[in-house]
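Subject: Structure for your review

Hello,

Please find the structure below.

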Amino acid sequence: MNFMPNDKEPVYIQIIRYIKQQVVRGDLQPGDSIPSRREMAVNIKVNPNTVQKAYKEMEDMGIITTQRNYQSNITTDEDLINKIKEDLINESMDAFIQSMKAINVNKKEIIEIINDRY
């Protein structure tokens, strides 16, 4: 697990984003089990309550399902997975555009840079 928390936002939000990214990349497939709350906390060296909060949020969002006394599983709802991908793209693009505007890079320059590097 390559989870590296940062100090810029709450860890539980970072855990949610990490799981979303794993799903969108295909590292976690629909229906796959994810580590238990305790196991995740040990793996990423955070308080189990932090992981519990992240898992609860993901359950509320429908990203994972948990049956009593069993591990949590990734949703099998393809529409939700597509929505997660769209949301991640939009978040990344918004942050990128804000960063470019902050240093006065115009749209034409951005497009040229993307064409050169992507």
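Predicted model: local features only at pLDDT ≥ 70, side-chain atom pairs only at ≥ 80, totals over all residues.

Overall layout

The protein chain contains five helices and two strands. Read from the N terminus, the order is α-α-α-β-β-α-α. The radius of gyration is 17 Å, well over the 13 Å that the globule rule gives for 118 residues, so the chain is more spread out than a compact globule. The C-alpha trace spans about 55 × 30 × 20 Å along the principal axes.

Of the 118 residues in the protein chain, 29% are buried. If you take the contacts between residues at least 6 apart in sequence, 53% of them join residues at least 24 apart. The protein chain has an accessible surface of about 8,600 Å², and carbon and sulfur atoms account for 48% of that. As for charge, there are 16 positive and 18 negative side chains, and the centres of the two sets are 4 Å apart.

Helix α1

Helix α1 covers residues 11–25, which is 15 residues. From its first C-alpha to its last it reaches 21 Å, close to the 21 Å expected at 1.5 Å a residue. The residue that follows α1 is Gly26, and its phi is positive, near 95°.

Which residues of α1 are buried? They are Tyr12, Gln14, Ile15, Ile16, Tyr18, Ile19, Lys20, Gln22 and Val23. The cover over the buried residues of α1 includes the helices α2 (37–44), α3 (48–61) and α4 (78–102), together with the strand β2 (72–74).

Gln22, in helix α1, has a relative accessible area of 10%. The cut-off for buried is under 20%, so Gln22 at 10% counts as buried. Once neighbours within four places in sequence are left aside, Gln22 is in contact with Asp27 and Leu28.

Phe3

Phe3 sits in the segment before α1. Is Phe3 buried or exposed? Its relative accessibility is 9%, so Phe3 counts as buried. Not counting residues up to four places away in sequence, Phe3 touches Val11, Gln14, Ile15, Tyr18 and Ile44. Among these, Gln14, Ile15 and Tyr18 are also listed with the buried residues of α1. Phe3 and Thr76 are 73 residues apart along the chain, and their C-alpha atoms are separated by 23 Å.

Positive phi outside glycine

Lys45 is not a glycine, yet it has a positive phi of about 60°. Lys45 belongs to the loop between α2 and α3, and it is exposed, with a relative accessible area of 72%.

Asn104 is not a glycine either, and its phi is positive at about 60°. Asn104 is found in the loop between α4 and α5 (107–117). With a relative accessible area of 68%, Asn104 is exposed.

That is the end of my notes.

Regards

Technical notes
Residues numbered from 1 in each chain as written. Heavy atoms only, no water. Helix = DSSP H or I, 4+ residues; strand = E, 2+ residues; numbered from the N terminus. Rg over C-alpha atoms; globule rule 2.2 N^0.38 Å. Buried < 20%, exposed > 50% of the residue type's maximum accessible area, 1.4 Å probe, protein only. Contact = heavy atoms within 4.5 Å. Areas by Shrake-Rupley, 256 points an atom, 1.4 Å probe, with all protein chains shown as cover. Lys, Arg positive; Asp, Glu negative; His and termini not counted. Charge placed at Lys NZ, Arg CZ, Asp CG, Glu CD. Expected span 1.5 Å × (residues − 1).
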